[in-house]
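Please follow the description below with the sequence and the model side by side.

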Amino acid sequence: MAEKNRRSSAHQEEGRHDDVVLRTRGLTKHYGSFVAVDNLDLTIRRGEVFGLLGPNGSGKTTTILMLLGLTDPTAGTVEVLGFDPQRHPLSVKARVGYLPDQVGFYDNLTGRENLTYIAKLNGIPRAEAYRRIDEALDRMGLAEAADRPVSTYSRGMRQRLGVAELLLKHPQIIIMDEPTLGLDPEAARLFLRIIRDLRDEGITILLSSHLLYQVQEVCDRVGLFSRGRMVLEGTVQSLAQRVLGGAYRVHLEAQSPNGAVADALGRLPDVVAVRQEGDRYILEARRDLRAEAARAVVEAGGRLLSLDVEAPSLDEIYARYFQEMKSAEAQPAASKREEVKHGRNP
Ligand SMILES: Nc1ncnc2c1ncn2[C@@H]1O[C@H](COP(=O)(O)OP(=O)(O)OP(=O)(O)O)[C@@H](O)[C@H]1O
């Protein structure tokens, strides 16, 4: 199944797969004169894990609320599993599960009692409800804790109970707002595994998060939000290519008696840049060039001491993007100051 998903992700990347479950076009939300979401085009396909990233206030939650039909767009269209959430909110609600950052439960009731209550609210017949509740508790690793009051649950267990609640209605899409925030590393790892398992079962997942290294581990594609716009979108690797230039960074240490190693490394195909500090070199490259780099060192008469490759990190892409945006914004102001200094301004 995992293999099947990997294959389908590859097809999606190539644009050959058209199993779209969620689509927005020109989606816009104004609060008075403030633009919270600006002309968003988002397409998500079945079985994907898509990460919404961006600083506080960049419009992620507003986007999620519009997808769920919980707030009306000012302009543009939303289609979730073929439904317009504004016109058919119940059809969307029946098929899409939403896990907010803080899930509310009755603390004095047990996990099982909370789920029973939810099943009743959703009109699931009693026998079927009991079956689904047992199954959901089991899948979320909560079977043993099921009959304890929720007040005794850790944050990780509450989050898992939140997912168990969503599973009762057999959702096709699950939307999660900061699902791993506040979880300890072990609980976060367990939760990320749950996300992967859900994806492997064909459930599409949209999550918003600030925890980039976790997003990177679990998302097939990400969208980076800034001031209401999705400014970057793609796989982590494709973003690394666009923002950092090279998606791979090969670190190597080599003695180069005649100084020929740097030149030899620079001549390798798919190398974007070579940085050198003494015997240490960093190659930014479009692919993993360890084997070619090792050969180049030896052929250039050098002596290879160590070799390693670093995959691109979302943290770095994110930091570099916002750093470049800030300097681009500072640029016109700086040139204006220059013009004033040189008396070019009237
Ligand atoms: N009901 C509202 N009225 C006015 N402004 C709002 C309202 N809701 C959100 N905003 C503003 O819209 C912008 C986007 O907010 P949103 O909550 O979507 O951002 P976010 O990316 O989810 O941020 P965070 O990561 O902090 O949750 C913010 O500047 C916020 O102050």
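Among contacts in the protein chain between residues at least 6 apart in sequence, 69% join residues at least 24 apart. The model under discussion is a predicted one. Its protein chain has 346 residues, of which 35% count as buried, and its secondary structure comes to 12 helices and 13 strands. The domain assignment divides the chain into domain 1, residues 18–240, and domain 2, residues 247–310. Between the C-alpha centres of domain 1 and domain 2 the distance is 44 Å.

Strand β1, residues 20–31, is joined to β4 by five bridges, and the two run antiparallel. Within this pairing, arginine 25 has threonine 77 of β4 as its bridge partner.

A further antiparallel pair is formed by β8 (residues 221–226) and β9 (residues 229–234), which are connected over five bridges. Here serine 226 is bridged to arginine 229 in β9. The hairpin of β8 and β9 has two residues between the strands, and in it arginine 227 adopts a positive phi near 50°.

Another open sheet contains four strands, ordered β11-β12-β10-β13 with antiparallel pairing. Its edge positions are held by β11 (271–277) and β13 (303–310); because each has a single partner strand, one side of each is left without a neighbour in the sheet. Neighbouring strands of this sheet are turned against each other by 20° on average, direction ignored. Helix α11, residues 290–299, packs on the sheet and touches β10, β12 and β13. The direction of α11 makes about 160° with that of β13. As for the strand pairing, six bridges link β10 (residues 248–255) with β12 (residues 280–285), the two running antiparallel. One of the residues involved is histidine 251, whose bridge partner in β12 is isoleucine 282.

Attention may now turn to the ligand. Which residues are around the ligand? They are Tyr31, Phe34, Ala36, Gly54, Asn56, Gly57, Ser58, Gly59, Lys60, Thr61 and Thr62. By class, this shell comprises three nonpolar residues, seven polar residues and one charged residue. Both β2 (34–45) and α2 (60–67) supply at least two residues of the shell. Of the contributing elements, α2 gives the most, with three residues.

Are its residues buried or exposed? Lys60, Thr61, Thr62, Thr63, Ile64, Leu65, Met66 and Leu67 are the buried residues of α2. Eight of the eight residues of this helix are therefore buried, and α2 is largely enclosed by the rest of the structure. Just after α2, glycine 69 takes a positive phi of about 75°.

Two elements link these parts of the description.

Terms used. Residues numbered from 1 in each chain as written. Predicted model: local features only at pLDDT ≥ 70, side-chain atom pairs only at ≥ 80, totals over all residues. Near = placed C-beta within 6 Å. Nonpolar A, V, L, I, M, F, W, Y, C, P; charged D, E, K, R; others polar. Domains from an automatic or database assignment. Pairing = 2+ DSSP bridges. Axes fitted to C-alpha atoms, helices over the stretch in contact; angles between N-to-C directions. Contact = placed C-beta atoms within 7 Å. Buried ≥ 20, exposed ≤ 12 C-beta atoms within 10 Å, placed from the backbone.
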